[in-house]
Amino acid sequence: MAQPRIIIVGAGFGGLAAAKALKNTPAEILLIDRANHHLFQPLLYQVATSVLTPSQIATPIRSIFRNQKNTTVVMGEVTGADKDQKCVFVSDADRQNVPIAYDYLILATGASHSYFGHNEFAEYAPGLKSLADAEAARNKILQAFELAEAEEDPARHRDLLTFILVGAGPTGVEMAGALAILVRTALKSDFRRIDPTSARIVLVDMAPKVLGPFSENLSKAAKQRLEKLGVEVRLGHGVDQIDAEGVVIAGERIPSKTVIWTAGVAPSPAGRWLSVETDRAGRVRIQKDLTVPGHPEIFVVGDTASLDQNGKPLPGVAQVAMQQGRYAGKLIHNRVEGNPPPSPFSYFDKGTMAVVGKGFAVLQSGKVQISGFGAWLTWAAVHLQFLATSSLRLSVFLQWVWTFVTGQRGDRLIVNHHGAELAKPAADAAIKPAFAGR
Ligand SMILES: Cc1cc2nc3c(=O)[nH]c(=O)nc-3n(C[C@H](O)[C@H](O)[C@H](O)COP(=O)(O)OP(=O)(O)OC[C@H]3O[C@@H](n4cnc5c(N)ncnc54)[C@H](O)[C@@H]3O)c2cc1C
């Protein structure tokens, strides 16, 4: 009898865990992702702030499954699914919407940015979701210092060296802290006309506190730490406007050439592909066995799924995606083998952490709430443990030790994949190169 085919869409945290759980299943597994790498998103901000290189937080999916013979990796973009015909449609550079049939389907397609209905902000305030986003943010940040160094009018330095982060959740807080350390350490002695430590870093959120999901005490500790690092924290007002000149917050314009969006996320369009019930955010409502109602062969896991536990929706974090992916894999394995199903899915919350600058983190796990160096050590150990391969663990560990001891950063290259921006005439005519005419 032919083996069943299991299609997993997405090789992020959820998809990877599902595929690994199916290692010994007598089935044909197709793991489809639009990228050729698994990305460790929690460390994207470290690429954006020059601590790590892209290759230190991403691993080719193919190499992860080198020894898992029942799994074939396909690089392609899934554009839709037909749940009645039991197939997904896949496009790549050569072919469009090719149907591929499945017996079981796991959708683990994650989330993308949400600009809360202001998609026009995207042009001026890129988000942080992919390696390309992180490299683009790093380019933008480093380029701002280069432009300021070349600018002869000191009055313009302030605008060029104002960095605005919209969204004071874990990503915004971690990014603001890392940026503050970058200007104080690695960049401090490298410029002659500008003082990088004078950079203004503004973290904005309409919420009344930073790190929304954390307790009041930890949120306060994180805010105090940010302020100690010189970050201006502006809470209680969202951004009204973002354009080429900067942002407007509560009627006040803050000129800036570097605005980064670290606020909302929107789920992938999996709900639209399946035409099934979604929550208000657009995430697919799933049952306790992670399947879609009426379709015991379709599982949705991770950021693109919506499941309540103890009356509250599970958060969009890596642990949820991994535990759900593992569960979906196990359930399918049991079905294929004719074993009884596992008991309904239950998320085990191991805790939440966020780093604020060098050697300081906040950690919340059940009743345990700690902040400071101990929390930072725990954060570092946990993140190293969850990197995809041992070579990445070693490489990131050594880089962190080096950065901690010397203050030096791993990757401060401006790599422009779309042509040499700096070689073009300045987009803003007001910015005159200081060396013109000399
Ligand atoms: C900057 C940042 C920092 C974060 N920090 C933390 C943290 O500190 N701790 C924490 O627990 N969580 C953190 N998260 C959240 C965490 O990364 C997500 O919850 C987790 O990645 C969700 O896993 P997933 O498998 O659902 O989706 P993802 O890991 O996003 O994977 C989705 C995969 O699907 C692929 N894909 C999407 N659409 C398609 C398509 N149409 N066709 C083919 N492939 C497709 C993508 O390429 C991707 O590989 C962070 C997220 C970000 C962006």
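**Exercises on aromatic pairs**

At 30% relative accessibility, Phe 404 counts as partly exposed, a class lying between buried (under 20% relative accessible area) and exposed (over 50%), with a 1.4 Å probe and protein chains only. This is a predicted model, in which local features need pLDDT of at least 70, side-chain atom pairs count only at pLDDT 80 or more, and totals for chains, interfaces and linings use all residues. Residues are numbered from 1 along each chain as its sequence is written, and side-chain values use heavy atoms, leaving out hydrogens and water.

**Exercise 1.** Work out how the rings of Phe 121 and Trp 261 are arranged.

*Solution.* Start with the total: the structure holds 11 aromatic pairs. Rings of Phe, Tyr and Trp (its six-membered ring) pair if their centres lie within 6.5 Å; planes under 30 degrees apart are stacked, over 60 edge-to-face, and the rest tilted. For Phe 121 and Trp 261, the centres are 6.1 Å apart and the planes meet at 55 degrees, so this pair is tilted.

**Exercise 2.** Describe the surroundings of the Phe 404 ring.

*Solution.* First, its partner: Phe 373 and Phe 404 make a tilted pair, 6.3 Å centre to centre with 50 degrees between the planes. Then the elements: Phe 373 is in helix α10 (residues 373-386) and Phe 404 in helix α11 (residues 390-406), so the pair ties together parts 31 residues apart in sequence. (Helices, H or I, of at least four residues and strands, E, of at least two are DSSP runs numbered from the N terminus.) Phe 373 is partly exposed at 43%. Lastly, Lys 358 lies over the face of Phe 404, 4.8 Å from the ring centre; this requires NZ of Lys or CZ of Arg within 6 Å of the centre and within 35 degrees of the ring normal.
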